[in-house]
Amino acid sequence: MVEDLVMKRTLLLLSSIILLGYSNPKVFVLNDTEENKYFVLELVNKAFEENQIDKLPLIVIDGIPFKYNKKQDTILLPLKKSDIISLDFLNKNSSRIIYNEKENDGAIIITTKIKHE
């Protein structure tokens with residue numbers, strides 16, 4: 001009985017990993033508390049499901065494209081939830097026209113309270 005429960009949990013975990021690995025974009029994690037660290041991910045997943053962006057979006061923070069390794073599964077954003085004023089999405093065509101980046105799958109536009117010098 002205990003073995004059945006362990007097996008069911010293992011199968012559920014593996015199926016979740018497979019589904020997440022193939023159906024969602026990258027995992028975007030804020031440099032924040034456990035409670036807030038997936039704030040951007042929730043919004044990105046919703047935009048992905050609504051076909052606003054695809055799996056490898058360009059990330060733009062305060063007008064500056066954020067460089068990250070697009071092959072990584074987890075992208076650590078150097079922000080806290082409290083730093084973010086707004087988060088918007090551009091589809092592929094708009095982001096390619098505005099940012100002249102031929103290989104992006106849309107864009108995540110993040111506006112922050114942080115002052116840049």
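Buried residues make up 32% of the 117 residues in the protein chain, which is shown here as a predicted model. The accessible surface of the chain comes to about 8,300 Å², and carbon and sulfur atoms hold 56% of that area. Among contacts with a separation of 6 or more, 63% join residues 24 or more positions apart. The chain has 3 helices and 6 strands, and from the N terminus on these elements run α-β-α-β-β-β-β-α-β.

Strand E2 (residues 58-61) pairs with E3 in the antiparallel sense, over 2 bridges.

Are the side faces of E2 covered or open? Both faces of E2 are covered. Leu58 and Val60 are buried on one side, and Ile59 and Ile61 are buried on the other.

E2 and E3 form a hairpin with 2 residues between them. Aspartate 62 lies in this loop and has a positive phi of about 55 degrees although it is not a glycine. Its relative accessible area is 23%; because buried means under 20% and exposed means over 50%, aspartate 62 counts as partly exposed.

The largest nonpolar core has 18 residues. Which residues have the most contacts inside it? They are Phe28, Val40, Ile59, Leu77, Ile108 and Ile110. Two or more residues each come from strand E1 (27-30), H2, E2, strand E4 (74-77), E5 and E6. H2 gives the most to this core, with 4 residues.

Isoleucine 108 shows how separate parts of the chain meet. Leaving aside its neighbours within four places in sequence, isoleucine 108 is in contact with Phe28, Val44 and Ile53, among others. Its contacts also include Pro57, Leu58, Ile59 and Val60. Leu87, Asp88 and Phe89 complete the list of contacts for isoleucine 108.

The ends of H3 have their own local features. At the N-terminal end, asparagine 91 caps the helix, with a side-chain oxygen 3.2 Å from the backbone nitrogen of asparagine 93. Just after H3, asparagine 100 takes a positive phi of about 50 degrees.

Two further loop residues remain. Asparagine 51 is found in the loop between H2 and E2. This residue has a positive phi of about 60 degrees although it is not a glycine. Is asparagine 51 buried or exposed? At 67% relative accessibility, asparagine 51 counts as exposed.

Glutamine 72 is found in the loop between E3 and E4. With a relative accessible area of 40%, glutamine 72 is partly exposed. Glutamine 72 and valine 27 are 45 residues apart in sequence, while their C-alpha atoms are 9.0 Å apart in space.

Technical notes:
Residues are numbered from 1 along each chain as its sequence is written. This is a predicted model: local features need pLDDT of at least 70, side-chain atom pairs count only at pLDDT 80 or more; totals for chains, interfaces and linings use all residues. Side-chain values use heavy atoms; hydrogens and water are left out. Two strands pair if DSSP finds at least two bridges between them. A nonpolar core is a set of buried Ala, Val, Leu, Ile, Met, Phe, Trp, Tyr and Cys residues joined through side-chain atoms within 4.5 Å. Buried means under 20% relative accessible area, exposed over 50%, partly exposed in between (1.4 Å probe, protein chains only). Contact means heavy atoms within 4.5 Å. A polar contact is a pair of N or O atoms within 3.5 Å; within protein, one must be able to donate a hydrogen and the other to accept it, and residues adjacent in sequence count only if both atoms are side-chain atoms. Accessible areas come from the Shrake-Rupley method with a 1.4 Å probe; for residues, only the protein chains shown count as cover.
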